[in-house]
Amino acid sequence: MLQNGKEIVDLAVASGVRRVTVLSAWDDGPLEPAVQASSLEWTLVQPTEFMANALDWAQPIRESGEVREPFAATKTAMIHEADIAAVIVTALTEDGHAGRATG
């Protein structure tokens, strides 16, 4: 996890960056509060689970025909990386998304 969130934000602001997205987990690290406290127009993008993570299931499926996950009762949606990228592009190029988090 990054430990220099404020430094990153300060450099972005000093460089003239106006709008940012942060691909974020559900628990804030040092970057999220630094971005939120800044003058930047920010959007937190918090996908539940990346579709590519399903590739980790290939070997267990081949070996046992099963997928074992630690949170079997949790309902979640896997999101394709191209869809996550589309949300990020929209947040960076269109008005109306600043100061929001999207899952």
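This note goes through the helices, the strands and some single residues of a predicted model.

1. Basis. Local features need pLDDT of at least 70 and side-chain atom pairs count only at pLDDT 80 or more, while totals for chains, interfaces and linings use all residues of this predicted model. Residues are numbered from 1 along each chain as its sequence is written, and side-chain values use heavy atoms, with hydrogens and water left out.

2. Strands β1 and β2. Helices (H or I, at least four residues) and strands (E, at least two) are DSSP runs, numbered from the N terminus. β1 and β2 run parallel and are joined by five bridges; two strands pair if DSSP finds at least two bridges between them. T21 stands opposite T43 in β2. Four of the five residues of β2 are buried, so β2 is largely enclosed by the rest of the structure. Here buried means under 20% relative accessible area, exposed over 50%, and partly exposed in between (1.4 Å probe, protein chains only).

3. Strand β5 and the crossover. β2 also runs parallel to strand β5 (residues 100-102), with three bridges joining the two. The bridge partner of T43 in β5 is R100. β1, helix α2 (residues 31-36) and β2 form a right-handed β-α-β unit. A crossover is right-handed if, with the strands pointing away from the viewer, the path from the first strand over the helix to the second runs clockwise.

4. Helix α4. This helix covers residues 81-93, 13 residues in total, and reaches 18 Å from its first C-alpha to its last, close to the 18 Å expected at 1.5 Å a residue. The expected span is 1.5 Å times one less than the number of residues. I84, I88 and A91 are the buried residues of α4. Seen down the axis of α4, these residues fall within an arc of 65 degrees, so they line one face of the helix. The arc is that of the directions from the helix axis to the C-beta atoms. An α-helix has 3.6 residues a turn, so residues three or four places apart point the same way. The buried residues of α4 pack against β1 (19-23), β2 (41-45), β3 (49-50) and β4 (78-79); contact means heavy atoms within 4.5 Å.

5. Helix α1. G5, V9 and A12 are buried in α1. They cover an arc of only 60 degrees around the axis, which puts them on the same side of α1. K6, E7, L11 and A14 are exposed on the other side of α1. The cover over the buried residues of α1 includes α2. G16 follows α1 and has a positive phi, near 90 degrees.

6. R19. This arginine is found in strand β1 and is buried, with a relative accessible area of 15%. The side chain of R19 makes a polar contact with the side chain of D95 (2.6 Å). A polar atom of the R19 side chain also lies 3.3 Å from the backbone oxygen of E94. A polar contact is a pair of N or O atoms within 3.5 Å; within protein, one must be able to donate a hydrogen and the other to accept it, and residues adjacent in sequence count only if both atoms are side-chain atoms. Leaving aside neighbours within four places in sequence, R19 is in contact with E41, A91, L92, T93, E94 and D95. One of these, A91, is also among the buried residues of α4.

7. S24. The loop between β1 and α2 holds S24, which counts as buried at 7% relative accessibility. Not counting residues up to four places away in sequence, S24 touches E32, V45, Q46 and P47.

8. M51. This methionine lies in the loop between β3 and α3 (58-64). M51 is partly exposed, with a relative accessible area of 35%. Apart from residues up to four places away in sequence, M51 touches M78, I79, H80 and E81. M51 and D83 are 32 residues apart along the chain, and their C-alpha atoms are separated by 10.0 Å.

9. N4. The segment before α1 (5-14) contains N4. At 29% relative accessibility, N4 counts as partly exposed. N4 and A34 are 30 residues apart in sequence and 9.2 Å apart in space, C-alpha to C-alpha.
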